[in-house]
Amino acid sequence: MITKTTPSLHCLNGKSGENNADGQQARTVKRDWQTALSEAIRDPRELLTQLKLPVSLLEQSSLSPTFPLRVTQSFIRRMQPGNPLDPLLLQVLPLNQELKDTDWGSLDPVCDQHAMQGPGLLHKYQGRVLLVSTAACAIHCRYCFRQHFPYQQANPLGSQLPATLAYLNAHQDIHEVILSGGDPLSLSDERLSRIVEQLDQIPHLKTLRIHTRLPLVLPERIDANLLKWLQATRLKVVLVLHINHPNEIDQEFAESIAHLQLPGVSLLNQSVLLRGINDSAEILVSLSHMLFEVGILPYYLHQLDKVQGAAHFEVPAETGVKLLAEMRHKLPGYLVPKYVKEIPGEPAKYPIFG
Ligand SMILES: *Cc1c(COP(=O)(O)O)cnc(C)c1O
Ligand code: SF4
C-alpha cells in the first residue's frame with residue numbers, strides 16, 4: 001500500500017528516506033541522478049552478493065559482451081534478498097538460457113531497420129514519429145527488443161538533428177514526436193531542453209511523448225531541471241513508463257512520480273507479458289491497482305517481441321487472452337491495458353483477441 005504524499009518542490013533536492021526499517025541511516029540526501037546512475041551495478045557477482053544469493057548461480061549466468069548486466073541500486077532495493085526467482089531480478093540477470101535458443105527470434109524482430117526514414121527516425125504509423133534517441137539505459141532488460149539495435153549509426157538527435165528537424169518540418173501530418181531509445185531521459189536536461197525548444201517551433205506538432213523507464217529505476221531522475229523543461233514546452237506531454245510487476249512500485253517511486261502530476265502531462269504505462277514474472281491475472285490486476293494509486297493508467301500489455309535470447313520469457317498468446325479476460329472481470333475498464341503485438345508492416349500495434 002502506498003500512502004498519499006504531498007509533492008513539494010523543495011523535497012526533490014532535500015532530505016528523504018531518513019531511516020529504513022532497521023533504523024539505519026538509509027539515504028539522507030537525495031543525490032543527483034548522474035551520481036545515482038554511475039552506481040548502477042554491472043557485475044552479476046556483485047548483484048548476487050548484495051542480494052544474499054549464492055554466487056554459484058553464476059554458473060547459469062552468461063556474460064554477454066554486447067548487452068551486459070546493468071541495474072540501478074534503487075531497483076535492487078525493491079528485490080527480495082535470498083529469492084533467486086524474484087520477478088525484478090529475473091528481468092535483469094543474464095542467464096545462459098539466452099545463449100541456447102539461437103534458432104528462436106531475430107536481431108530486429110519488429111523490422112525497425114526497414115522503417116527508418118532517417119538515422120534512428122521511425123515513421124511507421126500515421127501522425128506520429130518515433131526517434132531512437134540514445135543507446136543508453138539505466139537498466140538492461142533481458143527481453144529488450146532493441147538490444148541489438150545499431151545505435152551508433154542511427155542517432156537522430158546528435159549530428160543528425162538538423163536532418164530530423166527537416167523531416168518533421170516537411171511532414172505536416174506529423175503531430176506527435178515520440179522520444180524512445182534506449183532511454184531518452186538518460187540524455188542531459190540541457191540537451192533535452194534544447195531539442196524540445198526546437199520541436200516547439202514546428203507548428204504542426206502537438207504532442208511530445210517520452211517512452212522511459214528512468215523515473216522508475218532511477219527516481220532521482222525526476223528533479224527540478226527535468227520539471228523545468230517539461231513545463232516550459234507548449235506541447236502536450238505524454239510520459240509512457242514501463243513497469244511490469246507491482247513490486248517495482250515502492251514508496252520512493254510513488255513520491256518521485258507525484259512530482260510529474262502536472263497540468264498537460266499524462267502518465268501511462270506499458271508492460272511486457274513475461275513468463276515467470278507477470279504471467280498471472282493476480283499479479284496483473286495488482287499492477288493495475290498499484291499504477292492507479294500512484295497516478296498512472298495502464299496503456300499497453302505487449303506480447304513479447306521475438307528478439308534473439310528472450311525465448312524463455314515468452315507466454316503463449318492463448319494464455320495472454322485468458323489473462324486479459326480475467327482482468328476484465330476484476331477491473332474497471334480504465335485499468336485494463338490493451339493487449340497488443342507488433343506485426344511488421346501493420347499500420348498500428350495489433351490487438352490480440354481470443
Ligand atoms: C509503438 C510505436 C509507436 C507508438 O504507437 P502507439 O500505438 O501510438 O502507442 C509509434 N511509432 C513506432 C515506430 C512504434 O514502434
Ligand atoms: S529500459 Fe527499455 S530500452 Fe532500455 S533495456 Fe529496458 S526495455 Fe530496452
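This is a predicted model: local features need pLDDT of at least 70, side-chain atom pairs count only at pLDDT 80 or more; totals for chains, interfaces and linings use all residues.
Which residues in α8 meet which residues in α10? The legends below take up this question and others.

Residues are numbered from 1 along each chain as its sequence is written, chains are lettered from A and ligands numbered from 1 in the order in which they are written, and side-chain values use heavy atoms, with hydrogens and water left out.

**View 1. Helix α8 packs with helix α10.** The axes of α8 and α10 (residues 224–232) lie 10 Å apart at an angle of about 0°, where axes are lines fitted to C-alpha atoms, for helices over the stretch in contact, and angles run from 0 to 180 degrees between N-to-C directions. Helices (H or I, at least four residues) and strands (E, at least two) are DSSP runs, numbered from the N terminus. The two helices α8 and α10 are therefore roughly parallel to each other; angles under 35 degrees count as roughly parallel, over 145 as roughly antiparallel, 65 to 115 as roughly perpendicular and the rest as oblique. Asp-189, Leu-192, Ser-193, Val-196 and Asp-200 in α8 are the residues that meet Asn-225, Leu-226, Trp-229 and Ala-232 in α10, contact being heavy atoms within 4.5 Å. By class, this contact of α8 with α10 has five nonpolar, two polar and two charged residues (Ala, Val, Leu, Ile, Met, Phe, Trp, Tyr, Cys and Pro count as nonpolar, Asp, Glu, Lys and Arg as charged, and the others, Gly among them, as polar).

**View 2. Helix α8 also meets helix α7.** The axes of α7 (residues 161–170) and α8 (residues 189–200) come within 11 Å and cross at roughly 25°, and α7 and α8 are therefore roughly parallel to each other. Leu-161, Leu-165 and Leu-168 of α7 meet Ile-195, Gln-198 and Leu-199 of α8, a contact with five nonpolar, one polar and no charged residues.

**View 3. Helices α12 and α13 are oblique to each other.** The axes of α12 and α13 (residues 317–330) come within 9 Å and cross at roughly 50°. From α12, Ala-281, Leu-284, Val-285 and Ser-288 meet Leu-323, Glu-326, Met-327 and Lys-330 of α13, and by class this contact has five nonpolar, one polar and two charged residues.

**View 4. The largest cavity holds about 70 Å³ of space.** On a 1 Å grid over the protein atoms alone, a cavity is a set of points where a 1.4 Å probe fits but cannot get out, and a pocket is an open set with protein on both sides within 12 Å along at least five of seven lines; lining residues have an atom within 4 Å of a point. Grid points are joined across faces, edges and corners, and a volume is the space filled by probe spheres set on the points. Among the residues lining the largest cavity are Leu-284, Ser-288 and Met-327, and β7 (265–272), α12 (281–293) and β8 (297–302) each give two or more residues to this lining. The lining has nine nonpolar, three polar and no charged residues.

**View 5. The largest pocket holds about 1000 Å³ of space.** Of the 45 residues that line the largest pocket, Phe-145, Arg-146, Ser-180, Gly-181 and Gln-270 are the closest to its centre. By class, the lining of the largest pocket has 22 nonpolar, 13 polar and ten charged residues.
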